[in-house]
Amino acid sequence: MQELLEKIDSYKQEIEASSVLNAEEVEAFRIKYLGTKGLVKAIMGEMKNVPNEQKKQAGQLLNEFKVFVETKFEGLKAQFENNDSDASHIDFSLPGDAVAVGTRHPLSIVRNRIVSIFKRLGFAIAEGPDIEDDWHNFGAMNLPEDHPARDMQDTFYINQNPSWLLRTHTSSVQARVMENQKPPIRVICPGRVYRNETISARAHCFFHQVEGLYIGENVSFADLKQTLYFFVQEMFGKDIKVRFRPSYFPFTEPSAEMDISCLICEGEGCNVCKHTGWVEILGSGMVHPKVLENFGIDSNKYTGFAFGMGVERITQLKYRVNDLRLYSQNDIRFLQQFTGAV
Ligand SMILES: [Zn+2]
């Protein structure tokens, strides 16, 4: 019995002092002490040599020893199980794994910029459906039944219901705003529009517009000019020059196209401005009284102006993109060039 006690004490000291460096050494410890041929098993076997009257006491001692070894083993094992959450092994100076971040599409960049400029002037954003009916797209906008824009050659009609079509301009959104709101109205309508065009460098079957509408009392052509002048200065810089040319749209009277001085040759004349020094950027005009009356707005009390521009056109001028098709080809070599643009 005395001999057994001494053995246990000496093993305890040995076990207490043991340490491990890795998971393999933990396993070696387990085999040495707790394995089927391990020390605990062997020492348990010595019970048979203990006299009967001491068996109870010896059994207790051996059990305590077994628990002691198991506790030690669990402690050693835990050192390596918790290794993952141990921040001391992480080298924060190593370069990180690259995360592929996409870029904003140039049309989104320019549309956001247009929207933010008009928002600062108090314009709210209005949106509407891409699939429209004839009234909101054409009728309400004062386009007569025989207007060429209504021709099947120019407009995509929906097969199942020919009175539905893909909107040809975002004026249809202005129509829906006038239908639901009372003046004063001040909105911009960004969105995609569709026309039955042959796809080329200069034309596409879909493109993007931002149209604007301002209706209130005493809104004049001077307001229109100053609003659009502010816009182009914010968009292209303070040195930009503008000019208005008389034009015709069924939904505005009088109507005007707005040109800006050519950004590329600064008015000297180049291919982009066709050697005139000017490039056209948008159409505008005072809202036709007939359009106001179509929505029950008193045209004697209220006046308004409207304008519309192509986002592709503004992007082309701002970033010198010379082929409309590039915008929808999803070519990463093209899109990556706008990484730095915000
Ligand atoms: Zn030019």
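Predicted model: local features only at pLDDT ≥ 70, side-chain atom pairs only at ≥ 80, totals over all residues.
I131 stands opposite L166 in β4, and I start there since that pair belongs to a longer contact between strands, where a strand is a DSSP run of E with at least two residues, a helix is a run of H or I with at least four, and both are numbered from the N terminus. Strand β2, residues 131-133, pairs with strand β4, residues 161-166, in the antiparallel sense over three bridges; two strands count as paired if DSSP finds at least two bridges between them.

Residues are numbered from 1 along each chain as its sequence is written.

On β4 there is also strand β3, residues 157-158, joined to β4 by two bridges and running antiparallel to it. Here I158 stands opposite N161 in β4, and the hairpin that β3 and β4 form has two residues between the strands.

Turning to the protein chain, we have 11 helices and 10 strands. The C-alpha trace spans about 120 × 50 × 40 Å along its principal axes. Its radius of gyration, taken over C-alpha atoms, is 40 Å, whereas a compact globule of 342 residues would have one near 20 Å, by the rule of 2.2 Å times the number of residues to the power 0.38.

Of the 342 residues, 25% count as buried, meaning that 20 or more other C-beta atoms, placed from the backbone, lie within 10 Å of the residue's own.

Technical notes: Buried ≥ 20, exposed ≤ 12 C-beta atoms within 10 Å, placed from the backbone.
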